[in-house]
Amino acid sequence: MNRSILASLASLASLAAVAALAPVSLAYAQSHSHAGMSAQDHAAMQAPASGVVTTPADNAMLAAAPTAFSVTFPHAMALKTLKLTGPSDQSVDVAVSVDAPPATTVSAPLPALAPGAYSAAWAAMGADGHQMNGVVRFMVH
């Protein structure tokens, strides 16, 4: 082969290597774009595809225990169940107001939480019978 063909092939290989790394670089930049944020800012950061936002946010690292759990929906829903599982893997059904009318933001008070890892499994229903559910994991330091 002549040298110009070899040089062209080497250039194409280099270009392919750069193109292959571009998605990795973009993913790294996006996942590290919140460096330097406080724990509270990080906890509030949430970008769900479903339009549902919870407080505490999924994967939140909290300096203080939350006193309530809330869910904001894209349309009115009523919180039907909330089960909290704590560091000792014991589950507690959290009391929710079953008579509360559907709203875009619903909440329920949480019991006093000691430091540790928690998950909150919730279920909600809209006035039209539409159901949604999810699980949020968070840690109290």
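**Entry 1: the core**

I began with the largest nonpolar core, which has 24 residues; Phe69, Phe73, Leu82, Leu84, Trp122 and Phe138 touch the most other members. I noted that the model is predicted. Next I looked up where the core residues come from. The largest share is that of β3, with seven residues.

**Entry 2: contacts of Leu84**

Leaving out residues up to four places away in sequence, Leu84 touches Gln90, Ser91, Val92, Val94, Leu110, Pro111, Leu113, Tyr118, Ser119, Ala120 and Phe138. Of these, Val92 stands opposite Leu84, in strand β4.

Which strands pair with β3? I went through them one by one.

- Strand β1 (residues 53-55) pairs with β3 (residues 68-85) in the antiparallel sense, over three bridges. Here Thr55 has Ser70 of β3 as its bridge partner.
- Strand β5 (residues 103-109) is also antiparallel to β3, and six bridges link them. Ala68 has Pro109 of β5 opposite.
- Strand β6 (residues 116-125) runs antiparallel to β3 and is joined to β3 by seven bridges. Lys83 faces Ala121 of β6 in this pairing.
- Strand β4 (residues 91-93) pairs with β3 over three bridges, again in the antiparallel sense.

I also wrote down a general point about strands: in a regular one, the side chains alternate between the two faces of the sheet.

**Entry 3: aromatic pairs**

How many aromatic pairs does a search of the whole structure find? The search finds two.

One is Phe73 with Trp122, an edge-to-face pair with 5.7 Å from centre to centre and 70° between the planes. Phe73 lies in strand β3 and Trp122 in strand β6, so this pair ties together parts that are 49 residues apart in sequence. Are Phe73 and Trp122 buried or exposed? Phe73 has a relative accessible area of 4%, so I put it down as buried. Trp122 is buried as well, because its relative accessibility is 6% and the cut-off for buried is under 20%.

The other pair is Tyr118 with Phe138. Their ring centres are 5.6 Å apart and the planes are at 15°, so the pair is stacked. Tyr118 belongs to strand β6 and Phe138 to strand β7 (residues 131-140), so the pair ties together parts that are 20 residues apart in sequence. Both Tyr118 and Phe138 are buried.

**Entry 4: the loop between β1 and β2**

I then checked the backbone angles in this loop. Thr55 and Pro56 are joined by a cis peptide bond, with omega about 5°. Pro56 sits in the loop between β1 and β2. Asn59 is found in the loop between β1 and β2 as well. Its phi is positive, about 65°, although Asn59 is not a glycine.

The phi of Asp89 is near 65°, a positive value in a residue other than glycine. Is Asp89 buried or exposed? I put down Asp89 as exposed, because its relative accessibility is 64% and exposed begins over 50%.

Notes:
Residues are numbered from 1 along each chain as its sequence is written. This is a predicted model: local features need pLDDT of at least 70, side-chain atom pairs count only at pLDDT 80 or more; totals for chains, interfaces and linings use all residues. Side-chain values use heavy atoms; hydrogens and water are left out. Two strands pair if DSSP finds at least two bridges between them. Helices (H or I, at least four residues) and strands (E, at least two) are DSSP runs, numbered from the N terminus. Rings of Phe, Tyr and Trp (its six-membered ring) pair if their centres lie within 6.5 Å; planes under 30 degrees apart count as stacked, over 60 as edge-to-face and the rest as tilted. Buried means under 20% relative accessible area, exposed over 50%, partly exposed in between (1.4 Å probe, protein chains only). A nonpolar core is a set of buried Ala, Val, Leu, Ile, Met, Phe, Trp, Tyr and Cys residues joined through side-chain atoms within 4.5 Å. Contact means heavy atoms within 4.5 Å.
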